[in-house]
Amino acid sequence: MTTALPFSRAINAGLRRAMAENDRVLLMGEDIGRLGGVFRVTEGLQAEFGERRVLDTPLAESGIVGTAIGLAMRGFRPVVEIQFDGFVFPAFDQITTQLAKLTNRLEGAISLPVVIRIPYGGHIGAVEHHQESPEAYFTHTPGLRVVSPSTPNDGYWMIQDAIASADPVIFLEPKAKYWMKGEVDESARALPLHASRVVRRGTDVTLVGHGAMVSTLLQAAALAESEGVSAEVVDLRSLSPVDYGPILDSVRSTGRMVYAQEAPGFTSLGSEIAATVMERCFYALEAPVLRVSGFDTPFPPAKLEGAYLPDPDRILEAVDRALAY
Amino acid sequence: MTPLDDPALVRVLAADGSVSPTPAAEPYVAAIDALTDADLEGLYRDMVVIRAFDRQATNLQRQGQLALWPPSFGQEAAQVGSARAARPQDHVFPSYREHVVARIRGVDPMDIIRVMRGLTHGGWDPTDPKNGNTHIYTLVLGSQTLHATGYAMGVAFDGLSGSGDPERDQAVIVYYGDGASSQGDVHEAMVFAASYQTPEVFFLQNNQWAISVPVSTQSRSPLYKRGEGYGIPSIQVDGNDVLASWAVTRQALDEARAGAGPRAIEAVTYRMGAHTTSDDPTKYRTSDEETAWAERDPIARMRTFLRGRGASDAFFADVDAEGQAVADDTRERTNALGTLEADSMFAHVYSEAHALIDQERQWLADYEASFDGPQEGEGA
């Protein structure tokens, strides 16, 4: 039994279910209560659960995350909304220096089950600081888990699994897909939180990415098929830790891989995954692992986002290069 | 005007050991008068014993036994007074110089020694009842003020403050310093504390120096006045007067516990030692200044006061002997501390299993095991 829901409503439904099942779950953030968040992801939840469970906090990101840490020490399970990707940096110290390290510092005496939801990425034509992909800062930080759903069904289940996790989770929501509808199966989760997944079978090349990029990879794969190239697509889902099994299996069968991401390429998640795949699949590879990334510039003014963000054509250009070896 | 000339200052015990309350101290005099000889002698004993421990730890660092030591020397009254004012059910968030507070709450000072020796980043378990709800040290200045505020929000959400039952209600006290007062996190903590009316006391020890930078660089107005800007009732106390420090903190905690909202205290004191054993105060402050503050020594004035009340030579000798015993014990136990297994660095990065950590942990174990057994060229 499934229901078709837009991505934002699927996350909303997941939050509602987590809050109903555990009264220690709190939502904290700017404008998330009465307004329901600037993307309306938390719409209706304050009316349903009250102002003590859905907090319209003062406008201070470090304060939100820092107090969420204190609440988690007290046994609450705070879910923080950062309004936009570029606004997470005032909280960066509390996330990387405190949240990520405190359980280790405490030698396991206190777990910090804090979820930090961040609408990330481009494609919405917004002003500066509203279209960024900051995942590498967090995947580089021991103590954090980082995940990113690509479908409404994953949004519904992964937010619940992130809340259930005893560890801090950075939850990157592809804001460009908030309005994309998809079937949500509320009866059973398909996969564990930290599993990657093959979302399209193919034989000639493996395409890997996460979040909004998965749709782009699927578009590229469909175009490639019309040109006689069979592309397999793997949705990373978990950015830290990475579930390498499905990626390595795929590359061992296709011999080629292209990684695509919106973030700048230099020292990115794609860099790490490409290096690991080359270490572990060296004899299976017919071509070096190639990466398609945002350029190593600040995210440009919105009129240039089409030139900045990897699209199906840029992915296919890399596929052609991989096939030419 | 030095900080000690502010007409708002609460002081009961003058630097010469005489009882001469400032006008602002009047509301606290009755509570102090009610203290018994045993209470007063206990406050003195706390200060002397921890100073002996602190001096020993400083010496141990000089002798290479510790990587670093941040002395609490000079700040004993502010710490003893505030820590003795807290109830057992209260929660304490220290910065990193609160050795006095930690010991009073039940933390074994050896746990602090282990941190400074490089054996752990934490030292103790705040959830273990023997540690008196004392959270671990925080080295990044001011960060803990937000943790304390979130924790205090949780106390209020759990309905454990403001019931009117002082045996049941809880409060949170958070320690920070004049340097940390410039950090944005302290500002945000006060904003959140005021918004959510947390059961919390902000306890600022103004020891005049943030390493080498004087408090005048942090603030041109007395630091206690900042609290008022957030709507937090704030008090300035002579932090070298253990009686006044105890009385103002007790009242502030009582009010916070009872649901009146957060309170802030600026305890004016002096770091008589170096910032840490890596520091050299002769590069930035004068010996005249140090001498002037030595005359306001918190222990000396309490000793004079107690002598005036008739405390015996035997009492003072007993306190000194206890201090010496704690110092000797600290040296002995420090020398007996072992080392760490490399494997332990992987143990608590996450609370739940993590594929990459497991893989690296196994790799290191295999790598270390590869050095075991007969090496190439050795006979079997």
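Modeller: A residue is called buried if 20 or more other C-beta atoms lie within 10 Å of its own, exposed if 12 or fewer do, and partly exposed in between, with C-beta atoms placed from the backbone. This is a predicted model, in which local features need pLDDT of at least 70 and side-chain atom pairs count only at pLDDT 80 or more, while totals for chains, interfaces and linings use all residues. Residues are numbered from 1 along each chain as its sequence is written, and chains are lettered from A and ligands numbered from 1 in the order in which they are written.

Colleague: Let us start with chain B. How many residues of strand β7 are buried?

Modeller: Six of the six residues of β7(B), 263-268, are buried, so the strand is largely enclosed by the rest of the structure. Strands here are DSSP runs of E with at least two residues, helices are runs of H or I with at least four, and both are numbered from the N terminus.

Colleague: Which of them point which way?

Modeller: R263(B), I265(B) and A267(B) point to one side of β7(B), and A264(B), E266(B) and V268(B) to the other. In a regular strand the side chains alternate between the two faces of the sheet.

Colleague: Which strand pairs with β7(B) over six bridges?

Modeller: That is β3(B), residues 200-206, in the parallel sense; two strands pair if DSSP finds at least two bridges between them. Strand β6(B), residues 234-238, also runs parallel to β7(B), joined by five bridges. A267(B) is the bridge partner of Q205(B) and stands opposite V237(B).

Colleague: Which residues have the most contacts inside the largest nonpolar core?

Modeller: They are L207(A), V258(A) and I265(B), in a core of 186 residues. A nonpolar core is a set of buried Ala, Val, Leu, Ile, Met, Phe, Trp, Tyr and Cys residues joined through C-beta atoms within 7 Å. Helix α2(B), residues 37-62, gives the most to this core, with 10 residues.

Colleague: And what does V258(A) touch?

Modeller: Leaving aside residues up to four places away in sequence, its contacts include V205(A), L207(A), L290(A) and I315(A). Contact means that the C-beta atoms of two residues, placed from the backbone, lie within 7 Å.

Colleague: Turning to the sheet in chain A, what is the strand order?

Modeller: It is an open sheet of seven strands with mixed pairing, ordered β3-β2-β4-β5-β7-β6-β12. The edges are β3(A), 54-56, and β12(A), 238-240, each pairing on one side only. Neighbouring strands are turned by 20 degrees against each other on average, direction ignored.

Colleague: Which helix packs on it?

Modeller: Helix α7(A), residues 152-164, does, touching β2, β4, β5, β6 and β7 of chain A, and its direction makes about 165 degrees with that of β7(A). Axes are lines fitted to C-alpha atoms, for helices over the stretch in contact, and angles run from 0 to 180 degrees between N-to-C directions.

Colleague: How far apart are the C-alpha centres of the two domains of chain A?

Modeller: They lie 26 Å apart. Domain 1 covers 2-185 and domain 2 covers 197-323, with bounds from an automatic or database domain assignment. Between them, 23 residues of domain 1 are in contact with 21 of domain 2.

Colleague: Finally, how many residues of chain A are in contact with chain B?

Modeller: 33 residues of chain A are in contact with 34 of chain B. Helix α3(A) gives the most to that side of chain A, with nine residues. The side divides into 13 nonpolar, 14 polar and six charged residues, where Ala, Val, Leu, Ile, Met, Phe, Trp, Tyr, Cys and Pro count as nonpolar, Asp, Glu, Lys and Arg as charged, and the others, Gly among them, as polar.
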